Amino acid sequence: MNTTAPRLTKAVIPAAGLGTRFLPATKATPKEMLPVVDKPAIQYVVEEAAAAGLTDILMVTGRNKRALEDHFDRNHELEEALARKDEHAKLAHVRAPTDLADIHYIRQGDPRGLGHAVLCAAPHIGPHPFAVLLGDDLIDPRDPLLARMAQVQAERGGSVVALLDVGAENIHRYGCAAATPPAGGDTVRITDLVEKPAPGTQPSTLAVIGRYVLDPEIFDVLRRTPPGRGAEIQLTDALAELALSGSPVHGVVFDGRRYDTGDRTEYLKATVRLATEREDLGEEFLTWLTDFVDDRRLAKVSAG
């Protein structure tokens with residue numbers, strides 16, 4: 001085990017995307033601020049980072065993202081109004097985002113892809129390993145994926161990516177990993193990565209999902225990585241170069257609960273799943289949902 005590895009404390013959250021899949025809702029509201037039950041999606045991601053001990057977070061933003069900064073800042077007027085009304089539970093909820101971590105912000109400027117967004121973080125990160133969390137992927141807090149990835153990086157060095165078996169029918173939508181079979185456990189050695197392979201050409205069904213723990217050598221590779229798919233600088237391409245050059249790139253194969261809030265249907269599913277598990281909402285909402293589904297089924301039978 002690498003006992004000299006520094007403790008992972010820094011995370012990067014790219015948040016400069018336009019959110020075009022959710023137009024018109026995202027015309028004036030950042031997609032990261034769309035609510036999942038009663039918290040914006042981005043708060044779940046920051047909570048995950050903080051739970052893994054990542055207390056120094058850099059958000060890479062773009063135009064019209066001021067709402068992100070406001071959400072994680074204090075709102076003294078609102079807090080005072082809630083305090084005067086003895087709304088202590090609501091006051092705690094309002095203050096919670098502010099206390100999660102030390103959050104910094106940088107503008108990406110030109111939308112040149114995920115790899116470029118990560119490269120923008122280089123001055124803040126410095127010469128130490130760091131995590132990258134994509135806001136479209138929510139990982140259930142009962143499945144500590146990020147902590148497991150940090151452990152693998154500390155033990156084996158190099159970079160670590162999260163992998164999910166999505167099946168041959170879905171792999172064309174993701175970055176895809178060629179990997180050595182696991183010798184027991186959940187970790188594989190990645191030998192190559194392909195961004196959104198054409199159907200039938202994929203090296204596996206292991207998709208790269210939105211969690212990374214990266215060695216700072218990734219910055220030097222990204223500086224020389226040309227634009228790839230979509231004319232953007234792809235983080236997948238830079239990681240593939242590292243893997244092909246012999247630098248260790250490992251994958252943690254995840255089989256826990258993941259919610260994809262970047263797709264409209266999956267976003268709705270995530271909201272329903274998380275709402276039904278809430279102590280304050282779950283029982284009442286699940287009862288209504290069950291009745292609603294039963295009524296829809298009866299209506300279809302009657303109409304058919």
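Reader: Starting with E48, buried or exposed, and at what relative accessible area?
Author: E48 is buried, where buried means under 20% relative accessible area, exposed over 50% and partly exposed in between (1.4 Å probe, protein chains only). This is a predicted model, with local features needing pLDDT of at least 70 and side-chain atom pairs 80 or more, while totals for chains, interfaces and linings use all residues. Residues are numbered from 1 along each chain as its sequence is written, and side-chain values use heavy atoms, without hydrogens or water. For E48, the relative accessible area comes to 13%.

Reader: Which side chain meets E48 in a salt bridge?
Author: A salt bridge here is a side-chain nitrogen of Lys or Arg within 4 Å of a carboxyl oxygen of Asp or Glu. For E48, the N to O distance in that contact is 2.7 Å.

Reader: How many residues apart are R211 and E48?
Author: The two sit in distant parts of the chain, with R211 in strand β11 (residues 206–214) and E48 in helix α1 (residues 41–51). Those labels come from DSSP runs numbered from the N terminus: helices are H or I with at least four residues, strands E with at least two.

Reader: What is the relative accessible area of R211?
Author: R211 itself counts as buried because its relative accessible area is 1%.

Reader: Which residue stands opposite R211 in β11?
Author: Take strand β6 (residues 130–133), which pairs with β11 in the antiparallel sense over four bridges. Two strands count as paired if DSSP finds at least two bridges between them. The residue standing opposite R211 is L133.

Reader: And β8: which residue in β11 does V160 stand opposite?
Author: Strand β8 (residues 159–165) also runs antiparallel to β11, and six bridges hold that pairing. V160 stands opposite V213.

Reader: What about β9: which residue in β11 is the bridge partner of G175?
Author: Strand β9 (residues 175–179) is joined to β11 by two bridges, and the two run antiparallel. The partner of G175 there is V208.

Reader: Which residue joins D38 and R278 in a network of salt bridges?
Author: R278 is partly exposed, because its relative accessible area is 24%. R278 and D38 are linked into a network of salt bridges with D280.

Reader: What separates R66 and D70 along helix α2?
Author: Their side chains meet in a salt bridge at 3.4 Å, N to O. R66 is exposed at 56% relative accessible area, whereas D70 is partly exposed at 46%. Because they are four residues apart in helix α2 (residues 66–71), the separation is about one helical turn.

Reader: By that salt-bridge rule, what does the count come to?
Author: The salt-bridge count comes to 17.
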